[in-house]
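Work through the exercises below with the model open beside you. Try each task before you read its solution.

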Amino acid sequence: MADIMFAGIGGQGVLTAGKVLIEIAAENGKNVSWTSEYSAEMRGGTALCRVVISDDEIGSPYPDFLDILCCMTKDAYDKYVTEMRANGTVVINSSLFEKTEFPENLQVYGVDTAKITAETGNARGANLVILGAMIKATEMLDKEQFENTLEEYFEKQGKNNPSNLECFRLGYEQAVRME
């Protein structure tokens, strides 16, 4: 089982990242749960979603501690890193972090979402970059299966754009363990 949070600000695709993940996990035979929290502002306010993925029945969509935290902003990291279980995995948008000391009991992966979204011309793809980095860091789902289902997800939404898949792939390829 994995208790996961995506956190950032409205407009970064935080909620969409969680929705993409649960759809792909469900299509790969997992039990899933998704809840969201966001402030009243449409863009710029706090946004987060909690995702639970399990092979077994899910008891609660609100875990006491997180296994995985994906942060789109430094503020999200500062606010939610205290909710992590020991040996959990944190994925950060490293383009927004200066030199930071990370807790020794966590595995922290960083990916430069600003660089990748600029390279792909997909300004709205930062959430997919973070998803790619998370899949690399955790190996919770098969990368190729994820890619195939990601394309299907966006086709269903009528938003199929080749740069979406490229953002995911580059996030996967360029994620690095932070020391």
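**Exercise 1: A residue in a loop**

Task: Find where glutamate 139 lies, then decide whether it is buried or exposed.

Solution. Glutamate 139 sits in the loop between H4 and H5. Helices (H or I, at least four residues) and strands (E, at least two) are DSSP runs, numbered from the N terminus. Next, take the cut-offs: buried is under 20% relative accessible area, exposed is over 50%, and partly exposed is in between (1.4 Å probe, protein chains only). Glutamate 139 has a relative accessible area of 65%, so it is exposed. Its phi is near 55 degrees, a positive value in a residue other than glycine. Most residues other than glycine have a negative phi.

A note on the model: it is predicted, local features need pLDDT of at least 70, side-chain atom pairs count only at pLDDT 80 or more, and totals for chains, interfaces and linings use all residues. Residues are numbered from 1 along each chain as its sequence is written, and side-chain values use heavy atoms, with hydrogens and water left out.

**Exercise 2: A positive phi in a strand**

Task: Which element holds asparagine 87?

Solution. Asparagine 87 belongs to strand E5 (residues 84–93). Its phi is positive, about 70 degrees, although it is not a glycine. With a relative accessible area of 60%, asparagine 87 is exposed.

**Exercise 3: Helix H1**

Task: Check the span of helix H1 (residues 14–27).

Solution. The expected span is 1.5 Å times one less than the number of residues. For the 14 residues of H1, that gives 20 Å. The end C-alpha atoms of H1 are 20 Å apart, which agrees. Now look at its buried residues: among them are Val14, Ala17, Leu21 and Ala25. An α-helix has 3.6 residues a turn, so residues three or four places apart point the same way. The cover over the buried residues of H1 includes strand E1 (2–9) and helix H5 (143–157). After H1 comes glycine 29, with a positive phi near 85 degrees.

**Exercise 4: A buried threonine**

Task: Is threonine 117 buried or exposed?

Solution. Threonine 117 is in helix H3 (residues 113–120). Its relative accessibility is 12%, so it counts as buried. Contact means heavy atoms within 4.5 Å. Leaving aside neighbours within four places in sequence, threonine 117 touches Asn122, Ala123, Gly125, Ala126 and Val129.

**Exercise 5: The whole protein**

Task: How many helices and strands are there?

Solution. The protein has 6 helices and 7 strands. Of its 179 residues, 50% count as buried.
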